[in-house]
Amino acid sequence: MRSRMIGTLTTAVAAMAMLAMGAGALRAQQSNDDGRMRTPSDNDDGSRGRSIVPGERILHTGQGGTYIVLRDNTVWEVYLPDRTSTVGWREGDFLIVKKAPVGHGNYTYELINGRTEETAVVRFEGRSG
């Protein structure tokens with residue numbers, strides 16, 4: 001009985017150590033420049049690997065939450081009913097960009113704000129600049 005308890009305790013300690021190491025590795029992959037998660041293929045020469053999370057930070061919003069410009073210079077027009085959410089989104093908020101589960105006409109993408117956890121259906125308008 002005692003050896004079974006020691007074995008269970010050892011297994012639990014090992015599992016906690018693995019979780020702690022995994023969390024450390026996850027933090028180590030965090031990019032300092034824009035907050036996006038990167039693959040381990042980031043190079044010392046400054047080139048970056050692919051983004052793990054398909055998202056970007058907000059550069060600015062315009063016209064009361066109607067338009068959102070991301071740091072990669074993509075411009076997104078927000079579907080009218082969702083503008084009440086996006087009006088409160090701020091520069092620097094991290095947004096995940098993905099295909100919308102339910103689109104509305106040309107509005108076929110969805111932005112998910114990491115700070116507020118709000119979503120907005122959007123359409124791609126192009127690139128600024």
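**Strands, rings and burial**

Reply: Strands S2 and S3 are paired antiparallel over three bridges. Two strands count as paired if DSSP finds at least two bridges between them, and strands (E, at least two residues) and helices (H or I, at least four) are DSSP runs numbered from the N terminus. This is a predicted model, in which local features need pLDDT of at least 70 and side-chain atom pairs count only at pLDDT 80 or more, while totals for chains, interfaces and linings use all residues. Residues are numbered from 1 along each chain as its sequence is written, and side-chain values use heavy atoms, with hydrogens and water left out.

Me: What lies between S2 and S3, and which residue is the bridge partner of Val69?

Reply: Strands of a sheet pair through backbone hydrogen bonds, either parallel or antiparallel. Here S2 and S3 form a hairpin with three residues between them, and Asn73 in the turn has a positive phi of about 70 degrees. Val69 has Val75 in S3 as its bridge partner.

Me: In which order do the strands close into a barrel?

Reply: Six strands form the barrel in the order S1-S2-S3-S6-S5-S4, with antiparallel pairing. Neighbouring strands of this sheet are turned by 50 degrees against each other on average, direction ignored; the axes are lines fitted to C-alpha atoms, and angles run from 0 to 180 degrees between N-to-C directions. Strand S5 (residues 107–113) pairs with S6 (residues 119–127) over four bridges, and Tyr109 has Val122 as its bridge partner in S6. Along the protein, the elements run α-β-β-β-α-β-β-β from the N terminus on.

Me: Which way do the residues of S3 point, and are they buried or exposed?

Reply: In a regular strand the side chains alternate between the two faces of the sheet. In S3, Thr74, Trp76 and Val78 point one way and Val75 and Glu77 the other way, and all are buried. Buried means under 20% relative accessible area, exposed over 50%, and partly exposed in between, with a 1.4 Å probe and protein chains only. Of the 129 residues of the protein, 32% count as buried.

Me: How is a pair of aromatic rings described, and how many such pairs are there?

Reply: The description uses the distance of the centres and the angle of the planes. Rings of Phe, Tyr and Trp (its six-membered ring) pair if their centres lie within 6.5 Å; planes under 30 degrees apart are stacked, over 60 edge-to-face, and the rest tilted. The count comes to three aromatic pairs. Trp76 and Phe124 form an edge-to-face pair, because their ring centres are 5.2 Å apart and their planes are at 65 degrees. Since Trp76 lies in strand S3 and Phe124 in strand S6, this pair ties together parts that are 48 residues apart in sequence. Trp76 is buried, at 6% relative accessible area, whereas Phe124 is partly exposed, at 42%. Ring pairs link Trp76, Tyr109 and Phe124 into a cluster.

Me: Which charged residue lies over the face of Tyr109?

Reply: A charge sits over a ring if NZ of Lys or CZ of Arg is within 6 Å of the ring centre and within 35 degrees of the ring normal. Lys99 lies over the face of Tyr109, at 4.8 Å from the ring centre.
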